[in-house]
Amino acid sequence: MAVQMIVLNGGSSSGKSGIARCLQAILPEPWLTLGVDSMIEAMPVALRSSGAGIEFAADGGITVGPEFMALDAAWIAGVAAMARAGARVIVDEVFLGGAASQERWLKALGGLDVVWVGVRCEGAVAAARETARGDRVAGMAMSQAEVVHQGVRYDLEVDTAKAEALECAHVIARFLAGGRR
């Protein structure tokens, strides 16, 4: 069975989106890229700063409420359905709950051929990118750099503090082509 999904997990500003765009450019088949930012943008504005939805604290912390969790479950099921319908999907995700977050995806993706990629980036490097971007709450990158990887099992890991997005994408592409399981 050919890989149907690539899940990129890493903290804010770790380079996941850049890697996803590079993968779309270098992989021979068309791949969709979807992620938590896409889901948040699709949510009603009222839920983007609500205890029921998602809240971004001044220090970069994030809390999610029951409405967010319900929408997230539906989002995950929908992404899995697209892969089952034949789309190849790159997921750009932030596992705030570490292994528990991965478990939600594992349940939804049962039966699909998925490659799990840890996108690592030293907190200080991600924080500098966060500042340069200007579209994130300061502190998110540093607070997420390690917690998103706790207990998560990967097929492959890349480090964007040591390699550019395109180089990381080539590592993933080579893994897909023959170095996997």
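**Salt bridges, core and pockets**

Modeller: In this predicted model, Glu 157 and Arg 120 form a salt bridge through their side chains, with an N to O distance of 2.6 Å.

Colleague: Which strands do Glu 157 and Arg 120 lie in?

Modeller: Glu 157 is in strand E7 and Arg 120 is in strand E6, so the bridge ties together parts 37 residues apart in sequence.

Colleague: Is Glu 157 buried, exposed or partly exposed, and what is its relative accessibility?

Modeller: Glu 157 counts as partly exposed, at 42% relative accessibility. Arg 120 is also in the partly exposed class, at 24%.

Colleague: Which residues are linked with Arg 120 in a network of salt bridges?

Modeller: Glu 146 and Glu 157 are linked with Arg 120 in that network. The side chains of Arg 120 and Glu 146 meet at 3.4 Å, N to O. Glu 146 sits in the loop between helix H6 (140-144) and E7, 26 residues from Arg 120. Glu 146 is partly exposed, with 48% relative accessibility.

Colleague: How many salt bridges does a search of the whole structure find?

Modeller: The search finds 5. One of them joins Lys 162 and Asp 159, whose closest N and O atoms are 3.9 Å apart. Lys 162 counts as exposed at 73% relative accessibility, while Asp 159 is partly exposed at 23%.

Colleague: Changing topic. How many residues are in the largest nonpolar core?

Modeller: The largest nonpolar core has 22 residues, and Ile 6, Leu 8, Ile 19, Leu 23, Val 117 and Ile 172 have the most contacts inside it. Two or more residues each come from strand E1 (5-9), helix H1 (16-26), strand E6 (114-120), strand E7 (156-159) and helix H7 (165-179).

Colleague: Which element gives the most to this core?

Modeller: H7 does, with 6 residues.

Colleague: And what does Ile 172 touch?

Modeller: Leaving out residues up to four places away in sequence, Ile 172 touches Leu 8, Ile 19, Leu 23, Val 117, Leu 156 and Val 158. Another core, of 18 residues, lies apart from the largest one and includes Val 7, Ala 83, Val 89 and Val 152.

Colleague: How much space lies in the second largest pocket?

Modeller: About 160 Å³. Its lining has 8 nonpolar residues, no polar ones and 2 charged. Among the lining residues are Trp 31, Glu 29, Arg 88 and Leu 176.

Technical notes: Residues numbered from 1 in each chain as written. Predicted model: local features only at pLDDT ≥ 70, side-chain atom pairs only at ≥ 80, totals over all residues. Heavy atoms only, no water. Core = buried A, V, L, I, M, F, W, Y, C linked by side-chain atoms within 4.5 Å. Buried < 20%, exposed > 50% of the residue type's maximum accessible area, 1.4 Å probe, protein only. Helix = DSSP H or I, 4+ residues; strand = E, 2+ residues; numbered from the N terminus. Contact = heavy atoms within 4.5 Å. 1 Å grid on protein atoms, 1.4 Å probe; cavity = no way out; pocket = protein on both sides within 12 Å on 5 of 7 lines; lining within 4 Å. Points joined across faces, edges and corners; volume = space filled by probe spheres on them. Nonpolar A, V, L, I, M, F, W, Y, C, P; charged D, E, K, R; others polar. Salt bridge = Lys/Arg side-chain N within 4 Å of Asp/Glu carboxyl O.
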